[in-house]
Amino acid sequence: MTLTVYTAGQVVADLARGQVLEAGRHAREWHGTDERGRPAASGLYLYRLIAGGGAASARSP
């Protein structure tokens, strides 16, 4: 499974990369920081989830 946060086509944070999880509900929380722990700028963010051979994308609320 891979869960990545993007803005303007650039990766901001990887919340999960290459993890193997059992079936069921799982949660990840993004605290608005980049990979180095610095606060991310305000704006529109997208996330992309790739798991089980499928993919889904959505924007932040």
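This is a conversation about how to read a predicted model of a protein, feature by feature.

Visitor: What should I know about the model before reading anything from it?

Guide: The model is predicted, local features need pLDDT of at least 70, side-chain atom pairs count only at pLDDT 80 or more, and totals for chains, interfaces and linings use all residues. Residues are numbered from 1 along each chain as its sequence is written, and side-chain values use heavy atoms, with hydrogens and water left out.

Visitor: How many helices and strands does the protein have?

Guide: Helices (H or I, at least four residues) and strands (E, at least two) are DSSP runs, numbered from the N terminus. Here the count is zero helices and four strands, which gives the pattern β-β-β-β when the protein is read along the sequence. Along the principal axes, the C-alpha atoms fill a box of roughly 35 × 20 × 20 Å.

Visitor: What share of the residues counts as buried?

Guide: Buried means under 20% relative accessible area, exposed means over 50%, and partly exposed lies in between, with a 1.4 Å probe and protein chains only. By that rule, 16% of the 61 residues of the protein count as buried.

Visitor: Is Thr4 buried or exposed, and which residues does Thr4 contact?

Guide: Thr4 is found in strand S1, residues 2-7, and counts as buried because its relative accessibility is 2%. Contact means heavy atoms within 4.5 Å; leaving aside neighbours within four places in sequence, Thr4 is in contact with Val11, Ala13, Asp14, Arg17, Leu46, Tyr47 and Arg48. One of these partners also takes part in a polar contact, that is, a pair of N or O atoms within 3.5 Å, where within protein one must be able to donate a hydrogen and the other to accept it, and residues adjacent in sequence count only if both atoms are side-chain atoms. The side chains of Thr4 and Asp14 make such a contact at 3.0 Å.

Visitor: Which residues does Thr2 touch?

Guide: Thr2 is found in strand S1 and is buried, with a relative accessible area of 16%. Not counting residues up to four places away in sequence, Thr2 touches Ala16, Arg17, Gly18, Arg48, Leu49 and Ile50.

Visitor: Where is Ala8 placed?

Guide: Ala8 is in the loop between S1 and strand S2, residues 10-17, and at 77% relative accessibility Ala8 counts as exposed. Ala8 has a positive phi of about 50 degrees, although it is not a glycine.

Visitor: How is a pair of aromatic rings described?

Guide: The distance of the centres and the angle of the planes describe a pair of aromatic rings. Rings of Phe, Tyr and Trp (its six-membered ring) pair if their centres lie within 6.5 Å, and planes under 30 degrees apart count as stacked, over 60 as edge-to-face and the rest as tilted. The structure holds one aromatic pair. The rings of Trp30 and Tyr45 have centres 5.0 Å apart and planes at 55 degrees, so this pair is tilted. Both Trp30 and Tyr45 lie in the loop between S2 and S3, 15 residues apart, and the pair links distant parts of the chain. Trp30 is partly exposed, with a relative accessible area of 27%, whereas Tyr45 counts as buried at 9%.

Visitor: Which residues does Arg28 contact?

Guide: Arg28 is placed in the loop between S2 and S3 and counts as partly exposed at 37% relative accessibility. Leaving aside neighbours within four places in sequence, Arg28 is in contact with Met1, Leu3, Leu15, Ala16, Gln19 and Leu21. The side chains of Arg28 and Gln19 are joined by a polar contact of 2.5 Å, while the C-alpha atoms of Arg28 and Leu3, 25 residues apart along the chain, are separated by 8.7 Å.

Visitor: What separates the C-alpha atoms of Pro39 and Gly54?

Guide: Those C-alpha atoms are separated by 30 Å, and the two residues are 15 residues apart along the chain. Pro39 lies in the loop between S2 and S3 and is exposed, with a relative accessible area of 72%. Leaving aside neighbours within four places in sequence, Pro39 is in contact with Gly32 and Thr33.
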